[in-house]
Amino acid sequence: MSNFLRFGFILYLCFSMGKGVAQVGTQFREISYKDALKQSKELHKPIFYMIFATWCPHCHKMREEVFTDTALANYLNANFICVIQDGEIGEGPTLRKKFNVSAFPGLLFIDENETLLYTLNGEFKTDDMLNEAKNALTPEKQLPFLKAAFEADPSNADKCLAYLITLRKGSDRKTLSPAAHAYLATQTEAQLPSAINWRIIANAVTDIKSREFQYVLAHQDQFAAVASKVRVQRKIGNIVSELLEPYVGKNDSVGYKTQREMVKSMQVQKADSLVFSYDIMLAERTGNWQAYRKAARDGVEKYIWTDQKTIKEIAQNYLLHCPDPESLKSAIKWTKHALEVMDSYDGNIILAKLYIKTNDRKQAVVHARAAMELTKSLGWNSKDADALFKELNIN
């Protein structure tokens, strides 16, 4: 073999070896939980679990772009038994329930005694993931240490917040609630409006009927002074959404009605606006067009009068499902207003169709032409406008 060929072959080997190392990345094992614990005991290493879902884009991105990083992979491989598990098959559902995995990917750090040391969920960048993995090996940053420190001194706001912040990285808000209320019970109502107490309330209070949240409702200005009005309104919105959304997601009209009444009793504009949105959503999902009409009639002009996109969506549903003259009249009024907020192709199409429904051909032609003009000026597909022109016999 010539020196030139020998040199080329050596370069090829070096490139191939380098490429192989890069491809190895984090050495995830596909083994049972029992075997993972056995290896953890034998090697005296904690377990790092990645609980994934095949449909989860964040999981795929983490596997392809984050866990292939050399520095991160080296750290994880050296310090943990790395295991990967589909969260929807095999042991996946059991592990999700056991360790309260609320989102994908679920990232768990567990010791050989099955103690959860640290937990994360969601997508992380490489550097952040490496920092979190190092936190998981640092005893004073682990959940058992932080929990014990707080429980030994439950009136200490700093210890409570430190525990909650770490717990929040891999748990939903309801999991944080018991610790938060244990601390807040040590505070008088007069002590509640402080910056650190607000952080605890904002991060962990989920019970709409709790003393703390009811105090926030009654003293919004005091909490706005230590946080901001925007943050206070955001908290109100979050707690209402966390209460109502599960019932809407399950199409549970009976359960939703009970919780809705509780929210409406708050008499807060932000809460009422959210109730309107959920009323509309649930009525549409369940095909209850009578309830849909009532919600829209009571709320469109009060809560979404500047939201032309949602107005058009409601008008479209009226066009399809609410053909009575009074409903069509309302839909025409709302769509005309949406076009005043912002002229649009789809708005003109919807309005033309509404006028056809009410046998007002003259106005239907006006808005069909307006839609066509917009397609010409913007270079858009004119399929819907063409269909209207054909239906209305417009030349």
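Select strands E3 (106–110) and E4 (116–121) to begin. E3 and E4 form a hairpin with five residues between them, and in that turn Glu-114 has a positive phi of about 70°. The names in this tour come from DSSP runs numbered from the N terminus: helices are H or I runs of at least four residues, and strands are E runs of at least two.

Before you go on, a word about the model: it is predicted, local features need pLDDT of at least 70, side-chain atom pairs count only at pLDDT 80 or more, and totals for chains, interfaces and linings use all residues. Residues are numbered from 1 along each chain as its sequence is written, and side-chain values use heavy atoms, with hydrogens and water left out.

**The hairpin up close**

Keep E3 and E4 on screen. They pair in the antiparallel sense over five bridges; two strands count as paired if DSSP finds at least two bridges between them. Click on Leu-107 and you will find its bridge partner in E4, Leu-120. Then try Phe-109, which stands opposite Tyr-118 in E4.

How many residues of E3 are buried? Five of its five are, where buried means under 20% relative accessible area, exposed means over 50%, and partly exposed lies in between (1.4 Å probe, protein chains only). Colour Gly-106, Leu-108 and Ile-110 for one side of E3, and Leu-107 and Phe-109 for the other: both faces are covered. In a regular strand the side chains alternate between the two faces of the sheet. E4 is mostly covered too, with five of its six residues buried.

Four strands make an open sheet with mixed pairing, in the order E2-E1-E3-E4.

Contact here means heavy atoms within 4.5 Å.

Select Met-50 to find its bridge partner in E3, Leu-107.

**Helix H7**

Move to helix H7 (residues 143–152), where Leu-143, Leu-146 and Phe-150 are buried. Why do they share a side of H7? They cover an arc of only 70° around the axis, which puts them on the same side; the arc is that of the directions from the helix axis to the C-beta atoms. Among what covers these buried residues are strand E4, helix H8 (157–168) and helix H9 (173–184). Turn to the other side of H7 to see Glu-151 and Ala-152, which are exposed.

**Helix H14**

Next, select helix H14 (residues 253–264). Its buried residues are Gly-255, Tyr-256, Gln-259 and Val-263. They cover an arc of only 95° around the axis, which puts them on the same side of H14. These residues pack against helix H13 (229–249) and helix H15 (269–286). On the other side of H14, look for Val-254 and Lys-257, both exposed.

While you are in H13, pick Arg-234. It is partly exposed, with a relative accessible area of 47%.

**Last stop: Lys-312**

Finish in helix H17 (residues 308–321), where Lys-312 lies. Is Lys-312 buried or exposed? At 7% relative accessibility, it counts as buried. Show its neighbours: leaving out residues up to four places away in sequence, Lys-312 touches Ala-338, Ser-344, Asp-346, Gly-347 and Ile-350. A polar contact of 3.1 Å joins the side chains of Lys-312 and Ser-344. A polar contact is a pair of N or O atoms within 3.5 Å; within protein, one must be able to donate a hydrogen and the other to accept it, and residues adjacent in sequence count only if both atoms are side-chain atoms.

Terms used. Axes are lines fitted to C-alpha atoms, for helices over the stretch in contact, and angles run from 0 to 180 degrees between N-to-C directions.
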